Amino acid sequence: MEIAVGTTAGQQTPAGRTRPGHVRTAPWHWALALAGCGAVVASALAASPATGTPVPRHGSGPKAAPSALAPDPAKAQLPLDCGPFPVKPTVSMAADLGDGRPSTVVAAHCAAETGTPPDAVYLLGGTAERPVVLATLVSERENLTVTRLALRSDGTITGHAQGYSSDDVPRFDPDVSLDLTWTHRGGGWVRTQTAAPNTRT
């Protein structure tokens, strides 16, 4: 049972991915090339570990937390290299993951005026006024758009994302749909993902 759902919200920089025959000058090169760049994600359905500092598991158990007490995504220095564009949090969820302290899971992307910028997902700790990034759950290099974040009663973080099966798919019409889960295991967060029905109209 999911007990917290994502809501619409109000920088270490990972290296950009390159593809044969293309040079990526910065992680926000997609914004200049508009629809010309994207990662192939249709067959990438294997489990992969997320990186970052693990959250201790002790306390009264996972549960929703008041957003006013949780780390504020708008005040966090999210590790996105957006060049001249601002960073825009899009979906966030406040929760106590079992350690008795409010955390925030947030999806964010570069707020370019054109194109479809990919999302990254981060786990934030600290305080509402001084949030810090504890873990990267999704990298922007995966070229996914995250539409939902939630917390199950067992402490598993869940989400839904859309992506593209090839570079030929228009950026406004994603054809890959994924259900994501992150489980706290072995001192970190382990991610699994499965194909989900595509909700394109």
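In this predicted model, the largest nonpolar core holds 23 residues, and among these Leu-137 and Ile-157 touch the most other members. At least two residues of this core come from each of the strands β6, β7 (102-110), β8 (120-126), β9 (131-138), β10 (145-152), β11 (157-163) and β12 (176-185). Once its neighbours within four places in sequence are set aside, Ile-157 is in contact with Leu-137 itself, and also with Met-93, Leu-97, Val-105, Ala-150, Leu-151, Leu-180, Thr-181, Trp-182 and Trp-189.

Cys-82 leads on to the disulfide. The count for the model comes to one disulfide, and this link joins Cys-82 to Cys-110 with an S to S distance of 1.9 Å. The angle about the S-S bond is -80 degrees, and the link of Cys-82 and Cys-110 is left-handed. Because Cys-82 lies in the loop between β5 (63-64) and β6 while Cys-110 belongs to strand β7, the pair ties together parts that are 28 residues apart in sequence.

Computed along the chain, Ser-92 and Leu-123 are 31 residues apart, whereas in space their C-alpha atoms are 9.8 Å apart.

Conventions: Residues are numbered from 1 along each chain as its sequence is written. This is a predicted model: local features need pLDDT of at least 70, side-chain atom pairs count only at pLDDT 80 or more; totals for chains, interfaces and linings use all residues. Side-chain values use heavy atoms; hydrogens and water are left out. A nonpolar core is a set of buried Ala, Val, Leu, Ile, Met, Phe, Trp, Tyr and Cys residues joined through side-chain atoms within 4.5 Å. Buried means under 20% relative accessible area, exposed over 50%, partly exposed in between (1.4 Å probe, protein chains only). Helices (H or I, at least four residues) and strands (E, at least two) are DSSP runs, numbered from the N terminus. Contact means heavy atoms within 4.5 Å. A disulfide is a pair of cysteine sulfur atoms within 2.5 Å.
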